[in-house]
Amino acid sequence: MTSAYLHHILNPTLMFGALGTIALLSLVFKENKLYRLFEHIYLGLALGYDVEITWTEVLRPQLWDPMVRDGQWVWVLTIPVGLMFYGVYTRRFEWMSRVVFGIFFGAAAGTVFQDMCQRFVPQVRKSFKPLVPPPSAPGDIHSTLHAVSYVLNNALFITILVCVLTYFFFAFDIKNKFLLLMARSGRLVLMFAFGALFGATIMTRMALLIDRMYFIFVDWLQWAPK
Amino acid sequence: MKKFFQPINVHEHPGAFFAHIALGLAVMFGVLAVLHVAPKQYRKSIIAVFTFLGGLYYVAEFFLPAKGGSNRLTQYNDLVANIFTVVGAYAIGLGVISLLQMHIRKVVRTSPGWGNSAALVISFFAMTTFGLLNAYAPKKVLLHGSGMHVTNSDVFNFLFAGGIGNFGSAIFSMIAFFIASAAYRAFRIRSLESSLLMTAALIIMLGSVGFGTVLTNWLPLGDNPKTEFWANFRIENIAQWLLLQVNTPAQRGILFGITLGELAMALRLWLSLERGSYFDKEV
Amino acid sequence: MLHANDNWHVSGLVVLISFIIVLNVIIAQQGKVPTIRRIPGLNAIDEAIGRATEMGRPALMIPGITGLDVGTLAGLSILGHIARSIARFGNKVILLSADPIVTGVAEETVRDAYADAGRQDLYTDDDVRYLTSEQFAFAAGAAGIINREKPGAAFLFGNFFAESLIFAETGQQIGAIQIAGTPQTEQIPFFLAACDYVIIGEEYYAASAYITRNPTYLGSIVGQDISKLILITMVLIGVVVASIDQYAGAHGLHHLSINLHKYYLDLLKT
Amino acid sequence: MDRSIWHKMQSIDSRYIYAALIVAILIPLFCSKLVYLNIPSKPSIDFYKTIENVANTEPSGLVIVDGQWSSSSRGENKWQTQAIITHLMMRHIHFATLSFDTQNHTLTKEIVSALAAKYHYVYGVDYIDWGYRPPSAFQPVLKGIDTNIPGTLLHDSDGTPIASFPIMKGITTVKDISAIIEISPTSSIDTWLGLVQGVNNTPLLYAPTAISAPKYYTYLDSGQLSGMLIGVKGAGDYESLIHQPSFGTRATGALSFVYALIILLVIVGNIGHLKLRAIAKSEGISRP
């Protein structure tokens, strides 16, 4: 082993990352002491980063700087409100934490109207799929076939949509055999769709593991050819 | 009144600045004290009122008629978002206290696994310290001599890029292992449902990788109108059709239901109609 | 769409749906309580807790990894009911949280659940643990805890993302009975593959109603069902109108086509 | 046959599965000379043809390469970027890189500088780095590209005015751009489609992760997208189209092994399961 290679292998940042990667991945075989150590180091680092980011990205630019630099002293009034969170720790002031949690519940709920209008309603409009084919393009030798597939695809789309929605009826006591069949097939189509999603996700996940192996065996150890 | 809330330069008028802060804090704590001494039977209503007010701004901002994309309230969007961000940031202590308390206790009592807890606490303080040092004095030299030149930002990079960055990728890539074992176990011809799950996944898998597409490579690619029809039966095109024509409407059906559920839950919360262990308790 | 007046038809529709839901909640609260269909998976909750208790193992709960949003609150509400059952069985719970505010709400929820069952003695402050809000650091910590504490039952209800499979598969490997649900649809396939029972889509928001049979929730479900019926009707009418429009377009009936767009197809355009 | 072998087949210890998975990935990593069965998909071929077309018809045209990926999707996007940049340089097409992600700027720069040395690309003459812009500026920058490129971007990543470089001569609006390439794990392509592509029907090419690809097939059909490289398979396709096998080819090979392994496992599991069920049925016992 040459000293240049050793120097490369022992590069602290690279080695720390590579050892941690191996230790963390070893969990899939067995929970072990090395995993436990790196798990705790990782948690500590991440929590520390949370605190650091909270200061540098939120509290410093949005509270400290406006107060001290721009003299917007009113921001100090947020401190008593923030302190109410800590009521959870005492029996006496516990209820106060509910007030501030309540404000946050309210805010989370209040944006729902815009969300519904912007994200949800367009989906309703996009489901207006015609069951009549568009006029065929000039020179299209498969015009009948294209028309048939257009109608069939749209009909399938609407059928699946309605079946799935039927499955999600909870309060209506469905007795009609046809509707029951629709709800049942709705659930089956859902399973089929979930299978497709599962299959479509595998490549992206595997690519990441391949990349990690590359990191260890090519970038760090340099055992495999570059 | 409005004048009272005006900014004051701390360097020019330190007295006025701190007087305003003291007075402001006193009034805020006064309000909280009044809330606290209010008769207990009002507490539930107080919470309900604050919850309603918490959501009212966004609802009002949305429904008030706007011209050219903004109405009377739109200009305060940034401010309201900032207030929620700042107040929310104070809660970080809840988490830090919860985790550190547990691990410091372990270290102090030297209970089993205290070494790991010590590692957690040390990493926490190291990251916090060097994160802040990196933000304020990144170029400051920590170690110097014998070919070494280490700055605050180097240590931060060691912890962040070497540590958090690589560890995050490692855990993310762990999913690859689990996806394989989960597929092996779940894709069984056990019931109609699991068979459907399996069939769809296998078709998509074959359609997206080299040896799968080889299976139907004897079919034309479809760049010629005469052979276009047969190209539909190439495995990658079947997979694509499944994702577009079967998966999309199914997802949309789910979306309809979920969004309605979300709306209902939001309305119950906002109007304090919600019931359940957390919401029903007498306070 | 930034404001309601960008398209009053759209915001009107949303207000109508909201009104229907609130109205049904109030009707149910007045005493006219409806019933709802069975939700597969939720019946297994007590069985899972019972088995964990028999084995002398705690139960694990994770309310997702996001901050306090509507999905997380729904998850916490389900977990609150489950925590009561766990307390009644006299078992311990471990709740892992990835957000400081959620940690606060979760602590109160779990403590209240034990208090309601008269088992305050079983609850300690270490039962609800904040790990970190960093997605994969949280996953690493949770996977470690699952492996070491070996819960007998796991309940995953909240917003989960790519890391969902890490929890579900490690839980599966240590033999926990797992029940999961999430409004993040892309993660449901992985829960289906690794958990014993999965609730899907809107069932997530109907779960509290099903577990508690609480009139408020049940009324809300009726409102949601009526809204869905309205939406289906709108879509079906839309399909018919769009078909006529396509026909009109192909046969030069432009006037008809313009009117169809004006009076139906484009009403919800934003 | 013995009942236990069927039992083993349907409940293989997951640790063996994980070990097999690692082997399946490592074989192509170590044996770089292996040849794999891989047929480039149609979207990949279209992507390649579009770039070839630029090289043949507008040899002095400028191509924009916009990156939005960071280390979390580098397993796919990094190799796509490398293959695309290689092709651009092989055909001596001028290009400009742009990033809306802090990490991406560094990562893309690394790839481009390494390849520039190999293909003797001169900065400012053959390629240019438009630099990093914060994500919040994404829409405004794209709007600006429509009408005034030097005025919107002003400086390159070193602070030199971009108008002063020879490569920018005659480039003022989107009409002077020969093609746009977007490499991204997010749905950022929507914004390019919505704000830029339609202005002059500029060929728009997309390199997403495999997960986010399905949503965008419709844009291929409608011709708004001229080609798409899907995940790491897309990178492998591209490397074979330009005859420059690199990591993408090895990773695609690894993927083939991994997929074959998973499919094999599913088959083995099902054989065990079905056989045990049959045995149980014949013995009159309910399901095993």
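## Chain C against chain A

In this predicted model, 58 residues of chain C are in contact with 51 residues of chain A. On the chain C side, the elements giving two or more residues are α1, α3 (70-89), α4 (100-116), α5 (135-149), α7 (188-194) and α9. The top contributor is α9(C), with 17 residues.

What is the class make-up of the side of chain C that touches chain A? It divides into 34 nonpolar, 12 polar and 12 charged residues.

## Helices α1 and α9 of chain C

Two of the elements that touch chain A, α1 and α9 of chain C, also pack against each other. Helix α1(C) covers residues 8-29, and helix α9(C) covers residues 215-250. Their axes come within 7 Å. They cross at roughly 145°, and the crossing is right-handed.

Which residues make this contact? From α1(C) come I17(C), I20(C), I21(C), L23(C), N24(C), V25(C), I27(C), A28(C) and Q29(C). From α9(C) come P215(C), T216(C), L218(C), G219(C), S220(C), V222(C), G223(C), Q224(C), I226(C) and S227(C). By class, 11 of the residues in the contact are nonpolar and 8 are polar. None is charged. The side of chain C that touches chain A, by contrast, has 12 charged residues.

Conventions
Residues numbered from 1 in each chain as written. Chains lettered and ligands numbered in written order. Predicted model: local features only at pLDDT ≥ 70, side-chain atom pairs only at ≥ 80, totals over all residues. Axes fitted to C-alpha atoms, helices over the stretch in contact; angles between N-to-C directions. Helix = DSSP H or I, 4+ residues; strand = E, 2+ residues; numbered from the N terminus. Left-handed = near helix turned anticlockwise from the far one by under 90°. Contact = placed C-beta atoms within 7 Å. Nonpolar A, V, L, I, M, F, W, Y, C, P; charged D, E, K, R; others polar.
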